[in-house]
Amino acid sequence: MKIGIFDLDSFVYLPEITVVITTLYLLLRMVFFSKEEESFQGITTSIYLGLIGLIVSLVISLQFINLGFVSLQRIFSIDELTLFLRLPILFTGLLVVLISADFFQQSRYQNEYYILLFLSLIGTFFVISANDLVSIYIALELCSIPTYILAGLDRNNPKSTEGAVKYFLLGILGSVTMLYGFSFLYGLTGTTNLQEMAKKLFLLEQPLIFLSMSFVIFGLGIKIAAVPFHFRLPDAYEGAPTPVTAYLSVGPKIAGFAIILRIFLTIFSPFKLQWMTIFALLSVASMTVGNLLALMQQNVKRMLAYSSIAHTGYLLVGLAVADRLALSSMLFYLFVYLFANLGVFAIVIANSKEGELIEDFAGFNQRFPFFAVTMVFFLLSLAGVPPLAGFMGKLYLFSAAVRSGYTWLAVVGVLNSVFSLSYYFKIIQQMYSVKTETANLTLDEKSRAPYNSLRGLREVNPTVKKSYFSPFLTTAVVIVLLVIIFIGLYPSPFANLAQEAITFLK
Amino acid sequence: MNLPILSSIILLPIFGVILILLISGRKEKEIKFVSLSITCAVFLLTLFVVTNFDYRKSVLTDSKSVLTDSKSVLTDSNTSMQFVERYTWIKNVGIEYHLGVDGISLPLLFLGSLLGLLVVVFSWNLAYRVKAFFILLLLLETGALGLFLALDFILFYIFWEWVLVPMYFLISIWGGPRKEYAALKFLLYTLFGSVIMLIGILGMYFSARLNTFSILDIARCKFPLNLQALFFLALFIGFAFKVPLFPFHTWLPDAYTEAPIAGSVFLAGILAKMGTYGFIRIVLPILPDALRLFATPLAILGIVNIVYGAIVAMAQKDLKRLIAYSSLSHMGYIILGIAAGTVSGLNGAVLGMFNHGIIIGLLFLSSSVISERRQTWEIKELEGTSFWLPSLSGILTFAALTALGLPGLSNFINEFMVLLGVFQSTWLSKILIILVIPGMILTIIYFLRLIIRINLLQLGQGNYKGPGGLTLREWIVFIPLMVIVLILGLYPAPILNFINPAVTSLLEIVVK
């Protein structure tokens, strides 16, 4: 396709190329800066450069969506799905970089962290356009391998190392199983291109394909953190540095769902009925188990790990129903989920000096009143309370389920959403409780003094200093807040984008 | 009339929230002044709607259309909606921003804006986290008033859940000793009900196949009975948790008693009406056959509410809990009136919703002033309060007499109309009326006991603090409520003029 003098075919990968160049430049900076020169200023410049690269890439991606440009389906295929999924990945990258800046300020591994993060982002980028079993595998590994190192970045913390090893073993198990499944497919058809394979697989014997499908589901189930493939994941989430946890809860999930969309709707489409049932079961299991276990956690990061498992369950509703509306709703929900989830992690980072337990959030409102309010918004959006973005996501998703006769799945989903509120509100309750001198207050109150409007006269004035945070974290929080309110009030443009993304299904 | 008056009613409090956010938290006077002027403006706008509401319109247009097209009378309830604002919101799924007011929602709109204003006046002396408190009150007002104006299911649902979060914070920050527990219980229980309701709404949306969430448009399709029954059950769970009805009421005593008094007034005065309003606005026109099918169980639940609420109220030692259970008991009458499905039953129900809001406001507010002065909520320690606080005790006595159904005061009329409605009802057994009688007797007993203890018994031991009379601010709160009770008790026609035409035209659908 030509527009003016530009041959657009070579520009298709411009967003990817931008991020790759940014990453390489950051890598070079790290190599050429000696440790002495590596001042705080240098790091900040790196962060700015990374952000600029991501923003440029985002702007280009948005342009491409408007053009509606689609290339042929080769090893990589730039189609509507790719065009759409670039946005969540770039937003994830942007937000994770923004929330990392404060957290890693004193860390020795700052440069390494940003480079590994960008490498994983590149991997995710290629996952969403990969259209060939080989390219899918390689891209997925590029997405995963840096995350194993990232999870263990906090070397002095035994939990981090332990979690990283577990995450590594589990991730490798998933990749290898998936690869084993792929090998059957290649052996049966002699090709690795998804479209050609789909044409040939229609004619072939079924048990072997079904077996390979099971392997693929096992492997991808680990990537998207679905129950029962979730074991040991929360350990990794808990041990990893918080920004890494934030990335782990979103990045691999986008990659996993992108691959599922590509593979299951092409080569495994003859088994649609079977995999719909499997995904329905996984969905119910993930929602229920994720929420139940989240309720029992004392550590916020662990709780959010289980919450992210539960959200995988909601997302799987889209695959269990698997019509156009449901799949586009799933993409929309993925988009909405990443914002609220990263927002919550931003606040957890803001509180990281106090600790990571739920009790450590006590009195958070006095330290950061603005962050406390935004945290309420983020948690409510995750739980799906109107009029925030999470509600619209769930509305689309569950209405798709009801429309296709999966009312039972929608009922399980909404009940789980209510259930999830009970642990999200544990954090909110802590944030708005008064941290100091509560003991005196409760003793006084036990005598059942009048608790009417004048009760407030017994005010407690804790002298807590308000800490200062760099503009990075605040920017991330404000972006997320604006996005979830805007999408909640006016979801149409984003829902339309998600619907167009599904048109790659011919 | 092209001014978006209803939108302004909803958006003004949000505007107020933004204003308050811009004010420093230390400038408490300014914050209170802003919220007062905002709620005042909302009330004035509501008054404007009331005075410009053409209550003859629905009757006239209906009778006109009888001559032209007999079909449209039964189905077209659009005609009775006034001040309509309708804009497309989310196009591809048919969600609209659709507001309108009719004779059923108008009294509730008036009630909501009046109580919203009075609660702000009443909370004037608050000193703890003032900024957050008034922000939450204004948010609550937006949600509560928006619900009564919404004519689109998704908008309805959004307002339905909107109120939960501010109410959660009101209870959990300014509440009593077990505030966190009560707040979370309230939130989870009502949310549980409302998501089931959402499934019901989605079911109706997809069964109607109109690609619209408009309540009025969906009311035009006739669902088969089995579907209606399913939708009814789903919606019923949502509404029953909110009202609350007997087996779903367990959050009520905790939330009502632990909430700060402003929260209790909002909970009992406005939020409880959302459930019964939902029955009238949604169930009656859309699922009439299901209502007929489930009328007797619904009526029995209403009666259980009346009797159970009264029995438990008898046993209370805490004045606030007593009022909470009396509210539970009174909501039963409204459900009974809806189940009767007759003109007088429904008139009684809507009038009852309005009257109950006024009375429960009066009860909660006056008793809170008393308990503030006496430093206790224990009824035993409040004995002989009238010797210290004659005017306050007088107001509480007045409220209690109204609540027990003394003829000449407002509550008597709606309870009488409800019972009349049950008697006229074609599908309810008349034996049910007999079952209500114990509830009525018990109500009289526990309120009379309260009156006797406060007014006639000798002064007990206890603390006493503050002025013996009422401050000007308190008079400003109590007088409008008492005047309304008196006027509606003697001459309810002004409000029935609004309610009756709307109810009548609504019932034509059901009877058909």
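Modeller: A residue counts as buried if 20 or more other C-beta atoms, placed from the backbone, lie within 10 Å of its own, as exposed if 12 or fewer do, and as partly exposed in between. This is a predicted model, in which local features need pLDDT of at least 70, side-chain atom pairs count only at pLDDT 80 or more, and totals for chains, interfaces and linings use all residues. Residues are numbered from 1 along each chain as its sequence is written, and chains are lettered from A in the order in which they are written.

Colleague: What percentage of the residues of chain B count as buried?

Modeller: Of its 512 residues, 61% are buried.

Colleague: How do I read the radius of gyration of chain B?

Modeller: The radius is taken over C-alpha atoms, and the globule rule is 2.2 Å times the number of residues to the power 0.38. For 512 residues a compact globule would have a value near 24 Å; chain B has 22 Å, which agrees. The C-alpha trace of chain B spans about 70 × 60 × 40 Å along its principal axes.

Colleague: How are two packed helices described?

Modeller: By the angle between their axes and the distance between the axes. Axes are lines fitted to C-alpha atoms, for helices over the stretch in contact, with angles from 0 to 180 degrees between N-to-C directions. In chain A, the axes of helix α17 (residues 389-403) and helix α20 (residues 471-489) come within 7 Å and cross at roughly 45 degrees.

Colleague: Which residues in α17(A) meet α20(A)?

Modeller: A:Ala389, A:Phe391 and A:Met392 do, against A:Val483, A:Ile484, A:Ile487 and A:Gly488 in α20(A); contact means C-beta atoms, placed from the backbone, within 7 Å.

Methods: Helices (H or I, at least four residues) and strands (E, at least two) are DSSP runs, numbered from the N terminus. Two residues are in contact if their C-beta atoms, placed from the backbone, lie within 7 Å.
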